Amino acid sequence: MNTSLQARRDAISRALDAIKDPLSGNGLVTAGRVGNLLVSADGGVVFAIEAPAGEAQRFAAVRDAAEAAVRALEGVAKVTVVLTAHAEGPAKPHAPHPNQPPRQAQGIPHVAMVVAVASAKGGVGKSTVAVNLAAAFAAMGMRTGLLDLDVYGPSLPTLLGIGGRKPVFGPDKMLRPIEAHGLRTMSIGYIVDPEQAMIWRGAMATSAVRQMIDEVAWGHELAPLDILVLDLPPGTGDVQLTLAQRIPLDGAIVVSTPQEMALADVRRGIMMFDKTHIPVLGVVENMAWLETPAGRVHIFGDGGARRTATAAGVPFLGELPIEVALRESADAGTPFVIANPDHPLTARFKDIAAAALANAALAAKPAPTIRFE
Ligand code: ADP
């Protein structure tokens with residue numbers, strides 16, 4: 001490291017040590033709360049503040065003060081502070097180096113096809129759809145993996161009833177997926193407490209996602225996967241962009257509820273995938289209606305997602321009604337499609353899965369070549 005970088009590091013350390021650790025009363029550096037300090041030549045600074053488990057809230061103010069103090073220093077262009085609150089730390093995601101060049105998109109080893117399930121908003125049933133579509137692919141005879149990248153609210157541990165099972169590292173230092181209900185699965189929630197994940201800021205979430213993509217062995221000593229389903233975090237932000245740069249997605253499935261507010265976001269989501277050249281395999285309308293003794297009630301409106309998909313020029317994959325048993329099976333830790341193989345709702349999931357596959361095959365078809373002779 002050259003002297004000016006070293007001088008900048010020292011200045012940063014001094015500035016951080018001038019901020020008090022609320023627990024010991026010492027400076028942050030002296031108290032050992034600052035980790036992973038990275039300083040790049042172009043003025044990028046990344047560091048972690050390590051709070052004891054359960055103290056994340058109290059340390060949010062410390063993080064903000066630290067960020068402000070470092071930003072005020074000369075020669076600092078950009079500061080990323082990651083607040084971590086680890087009880088114990090297996091596979092701690094590392095902060096990305098600010099100078100890290102964007103990597104070329106590369107396929108995931110031993111995975112034939114990657115499909116993402118996305119939504120513009122939380123709470124529309126994206127994870128429920130991802131899990132049951134994965135189960136539907138498996139029921140169709142495909143070797144299927146499921147990767148929960150919803151760093152801000154990983155739900156796979158609950159949806160699959162994983163309990164306290166933890167993934168293990170192989171001799172190659174790659175994580176092995178956990179087998180559950182015939183699926184090979186991995187979730188940020190298997191590694192860190194989901195409540196800790198909620199406090200991650202952008203850079204931390206992005207680096208956790210990178211790790212999940214790069215450091216999981218999906219088929220190394222097993223037969224390769226036919227398909228890997230990704231459960232993306234809601235929204236259209238950094239994590240989705242990171243993905244688009246990292247792996248060539250075969251397509252995205254967008255989940256929405258029928259109401260107008262949700263649909264404006266869906267249009268934005270479709271645009272984001274367009275911009276990143278990821279084919280939208282189609283839109284799924286979840287919570288489309290509730291079956292009552294008096295007939296179907298369209299609680300959130302009727303057919304909005306289909307109209308939005310049509311207007312945006314992307315396929316519509318199908319509707320899923322509100323079904324109490326679907327929520328119950330989610331809470332019970334068995335995917336609905338597996339627990340209820342002959343249910344009409346399972347048939348809907350399978351139809352959607354088949355339509356998505358067909359659209360992926362269409363999207364993958366090379367453009368016709370025109371030859372002049
Ligand atoms: P998201 O991943 O979009 O945040 P979830 O999949 O976690 O949403 O679903 C939110 C809640 O709604 C969960 O309790 C889930 O069980 C329930 N849910 C999702 N889809 C349906 C549906 N079609 N019928 C009944 N409950 C549903």
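Predicted model: local features only at pLDDT ≥ 70, side-chain atom pairs only at ≥ 80, totals over all residues.
## Salt bridges, a pocket and a surface patch

At 13% relative accessibility, R176 counts as buried, because buried means under 20%. R176 forms a salt bridge with D172, with the closest N and O atoms 3.1 Å apart. D172, for its part, is partly exposed, with a relative accessible area of 35%.

Side chains of opposite charge can pair when their charged atoms come close. The count here comes to 11 salt bridges, and the table shows some of them.

| Salt bridge | Closest N to O distance |
|---|---|
| R71 and E67 | 3.0 Å |
| D172 and R176 | 3.1 Å |

R71 and E67 both sit in helix α2 (residues 56-71), four residues apart, about one turn of the helix. R71 is partly exposed at 46%, whereas E67 is buried at 12%.

Now to the second largest pocket, which holds about 430 Å³ of space. It is lined by 23 residues, and those closest to its centre are G123, V124, G125, T128 and M287. Helix α11 gives the most to this lining, with five residues. By type, the lining divides into nine nonpolar, eight polar and six charged residues.

Finally, V297, I299 and F300 form a nonpolar patch on the surface, with about 230 Å² of accessible area together. F300 lies in the loop between β11 (295-297) and α10 (304-312).

Methods:
Residues numbered from 1 in each chain as written. Heavy atoms only, no water. 1 Å grid on protein atoms, 1.4 Å probe; cavity = no way out; pocket = protein on both sides within 12 Å on 5 of 7 lines; lining within 4 Å. Points joined across faces, edges and corners; volume = space filled by probe spheres on them. Helix = DSSP H or I, 4+ residues; strand = E, 2+ residues; numbered from the N terminus. Nonpolar A, V, L, I, M, F, W, Y, C, P; charged D, E, K, R; others polar. Patch = residues over 30% accessible without salt bridge, like charges linked within 9 Å, V, L, I, M, F, W, Y side chains within 5 Å. Areas by Shrake-Rupley, 256 points an atom, 1.4 Å probe, with all protein chains shown as cover. Salt bridge = Lys/Arg side-chain N within 4 Å of Asp/Glu carboxyl O. Buried < 20%, exposed > 50% of the residue type's maximum accessible area, 1.4 Å probe, protein only.
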